[in-house]
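I set out to record what could be looked up in this predicted model. The entries follow in the order in which I made them.

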Amino acid sequence: MIHQMTGSKLPSREWKGILKNKNKTNQTLKQKEQLFGDSMNDLFDIAHQDSLNMISIQEDKLFLVKQREKERTAADEYSTESEPEYMDESFEIDQQQEIAAAFDKCKISERDAVHLLVAFLEAVSLDPSDYIINRTSIRNARAVYRESYDKKLKQSFTNLNVKSVVVHWDTKIIENISGKFVDRLAVIATGTNFQQLLGIPEVSAGTGLEISSAVFDTLKSWALLDKTQAFVFDMIASNTGPDIPLFKRFKTKWNTTNLNKFVTGISNIDIKIALGNNYIDILNYAKLKLSSNLNRDDYKELLDLIIIFLGEVPPGGIKFKKPGA
């Protein structure tokens, strides 16, 4: 750095000259002050010289470009982090949770939210400097809103006073707000006359251990561990999943299996005795559910198999799907 300055004035000498004339209003001196300020911004730009090509996140690239602009806008000035002593001061967004909810719904980043809020205040003739607008204040407001909304959801669910639930889950790869694709686990609780989304936690891997841990933590946060009566989920394709020889044999021999040659479960005397007259209620329940709007095709497949198992033919006829398909 010193080597680069040897052919010109050192900043300290130039600064002393500007300081000596600080009370003068000469336009030339004002221009010198502006040029000196711009040179200081360039001097302390510690980003890599090829950083614009190295940065992969478009939002961060735009932020660097804005930081290097000679004349920054009001939104750019307010987008910097404020000092810690200002973090606890209130800002209107804390009282307007609808704004925080809208930011979440529209996937507005904290940095973009700063620009939107400043532009809005200027559009309605308000001075942005009268408000604390920065990424930290917006992040805090969003956290407060999410926590408040989470408590309201859980309280409303608690008021239902449910006795038992069936827990469903499935994993999906979705894009998060930063553009990165991650594994998310949707966990839903259903019961008589209700269906509640419990959470969509991120999982680092799709193993049985990782998924079961995420489901357990979700149920614990909703106080449903003692009320869970059944689980509904897809078989996971990992070495921690169930290893049942019968299923594996069906899968490998499926193409050579005669699907028209089968025996119903109710024809077995032991099963018929065990079910007694209850099998009629089970059959009627399966038929009733088939006539309703089902969320998933595998629910329909299960109900069809129940009807076939109990000796009757489902509305779509007798069909068997390959295990694991």
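I first listed the buried residues of H9, which are Glu 110, Arg 111, Ala 113, Val 114, Leu 117, Val 118 and Leu 121. These residues lie on the same side of H9, because they cover an arc of only 155 degrees around the axis. The general rule is that an α-helix has 3.6 residues a turn, so residues three or four places apart point the same way.

I then checked the length of H9. The helix has 14 residues, and from its first C-alpha to its last it reaches 20 Å. That is close to the 20 Å expected at 1.5 Å a residue.

Next I looked past the end of H9. Ser 125 follows the helix and has a positive phi, near 60 degrees. Leu 126 is in the loop between helix H9 (110–123) and helix H10 (135–159).

I asked which residues make the nonpolar surface patch of about 260 Å². They are Phe 120, Val 124 and Leu 126.

Finally, I turned to the largest nonpolar core, which has 17 residues. Val 165, Leu 185, Val 215 and Leu 224 touch the most other members. At least two residues of this core come from each of strand E1 (165–175), strand E2 (181–191), strand E3 (194–199) and helix H11 (208–221). H11 supplies the largest share, 4 residues. As a general remark, nonpolar side chains tend to be buried together in soluble globular proteins.

Note on methods:
Residues are numbered from 1 along each chain as its sequence is written. This is a predicted model: local features need pLDDT of at least 70, side-chain atom pairs count only at pLDDT 80 or more; totals for chains, interfaces and linings use all residues. Side-chain values use heavy atoms; hydrogens and water are left out. Patches are made of residues with over 30% relative accessible area and no salt bridge: like charges are joined within 9 Å, nonpolar side chains (Val, Leu, Ile, Met, Phe, Trp, Tyr) within 5 Å. Accessible areas come from the Shrake-Rupley method with a 1.4 Å probe; for residues, only the protein chains shown count as cover. A salt bridge is a side-chain nitrogen of Lys or Arg within 4 Å of a carboxyl oxygen of Asp or Glu. The expected span of a helix is 1.5 Å times one less than its number of residues. Buried means under 20% relative accessible area, exposed over 50%, partly exposed in between (1.4 Å probe, protein chains only). The arc is that of the directions from the helix axis to the C-beta atoms. A nonpolar core is a set of buried Ala, Val, Leu, Ile, Met, Phe, Trp, Tyr and Cys residues joined through side-chain atoms within 4.5 Å.
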